[in-house]
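Here's a quick tour of how some side chains pack in this one. Have the viewer open and follow along.

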Amino acid sequence: MRAGLETPRAEGQPHMTEHFSLRQRLAAPEITIAPGVYDALGSVLVQQAGYHVTYLSGASIAYTRFGRPDIGLVGMSEVADTLSAITERSSLPVIVDGDTGFGNALNVMRTVRLFETCGAAAIQLEDQTLPKRCGHLAGKTLVPQGEMVGKIKAALDARRQTETLIIARTDGIAVEGFDAALERADHYVEAGADVLFVEAPQSPSQMQAIVARFGDRIPLMANMVEGGMTPQKNAAELQDIGYSLVIFPGGMVRAMAHSARAYLESLNAHGTNQPFRDRMLDFSELNEVLGTKNMLATGARYDAKNFEDTHD
């Protein structure tokens with residue numbers, strides 16, 4: 001079985017069980033793969049493909065919902081709405097991109113409580129200033145180290161369950177340099193973060209140095225962005241380096257955009273979908289993915305005719 005894959009579970013299993021399994025999974029030797037999603041359909045596809053964790057990407061919400069780059073335009077409520085749709089439809093544990101917590105420590109507390117209520121299994125918080133931007137874009141700025149430590153402690157105090165994981169991310173490499181980023185990360189680990197995410201290491205040696213310094217203390221998360229600052233590694237390679245978790249946050253939206261552009265070019269050229277059919281789900285196949293037959297059967301159980309009074 002591939003690292004990060006297993007047989008999908010039935011829809012609707014309790015999230016509490018998943019929360020426990022996520023913490024335990026990150027402590028296991030095998031790396032966990034979390035594909036990025038931006039809506040409920042994506043979470044269904046990820047679950048049906050056999051993955052057991054997914055990642056709700058704030059960048060992908062910006063790309064798909066607004067057609068905009070990841071430059072801090074997505075708000076807390078918009079992420080919460082998307083998360084609610086995902087957790088209502090899929091039983092997979094969801095790691096949620098919480099950006100900066102959408103403000104100060106009090107905002108962080110509200111964000112954590114809201115996302116936890118919406119079903120988050122883990123919440124990622126970063127040390128950028130507002131408005132934040134994608135970790136692989138230039139021009140980022142950071143809050144003071146002490147402010148981020150306070151945010152992490154506020155997040156830990158705000159969560160209702162200790163099994164809701166708090167992921168601390170630092171963008172310090174691009175802003176202050178590698179050594180300063182590791183210094184920040186040390187303080188975030190000491191503050192009590194459950195998982196550490198040092199964003200955008202620029203070489204394999206930097207990745208190895210991160211693991212050497214923190215790998216025995218806390219699970220480490222890697223971020224694979226096609227065309228980004230970090231060298232591309234597959235899951236097995238990252239596991240060998242010492243990472244516990246890898247996210248592919250924008251892979252699905254980039255694949256979707258590539259496919260959609262090819263589809264539109266084909267439709268424009270031919271005036272029909274027929275030449276593109278082998279790269280599409282047909283009507284029945286899509287309804288199979290969506291579980292339409294089961295939903296209609298469930299609805300039929302509650303039809304009025306089943307409850308009509310037969311007495312004179």
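## Aromatic pairs

Start with Phe115: its relative accessibility is 0%, so Phe115 counts as buried. Keep in mind that this is a predicted model.

How many aromatic pairs does a search of the whole structure find? It turns up two. In one of them, Phe102 and Phe115 sit edge-to-face, 6.4 Å centre to centre with 80 degrees between the planes. Phe102 is in the loop between strand 3 (94-97) and helix 5 (105-117), while Phe115 is in helix 5, so the pair ties together parts 13 residues apart in sequence. Phe102 counts as buried too, at 18% relative accessibility, because the cut-off is under 20%.

Then there's Tyr263 with Phe276: the ring centres are 5.6 Å apart and the planes are at 70 degrees, so this pair is edge-to-face. Tyr263 belongs to helix 11 (residues 251-270), and Phe276 to the loop between helix 11 and helix 12 (283-290). Tyr263 is partly exposed at 23%, whereas Phe276 is buried at 2%.

## Nonpolar cores

The largest nonpolar core has 60 residues, and Phe115, Phe214, Leu238 and Tyr243 touch the most other members. Another core lies apart from it, with 15 residues including Ala34, Val53, Tyr55 and Leu245.

Looking beyond four places in sequence, Phe214 has contacts that include Leu182, Val189, Leu196 and Leu220, plus Asp186.

## Around Gly58

Gly58 is part of helix 3 (residues 58-66). Is Gly58 buried or exposed? Buried, at 4% relative accessibility. Setting aside residues up to four places away in sequence, Gly58 touches Val74 and Asp97. Its C-alpha atom is 16 Å from that of Gly119, 61 residues apart along the chain.

Methods
Residues numbered from 1 in each chain as written. Heavy atoms only, no water. Core = buried A, V, L, I, M, F, W, Y, C linked by side-chain atoms within 4.5 Å. Buried < 20%, exposed > 50% of the residue type's maximum accessible area, 1.4 Å probe, protein only. Contact = heavy atoms within 4.5 Å. Helix = DSSP H or I, 4+ residues; strand = E, 2+ residues; numbered from the N terminus. Phe/Tyr/Trp six-rings, centres within 6.5 Å; stacked < 30°, edge-to-face > 60°.
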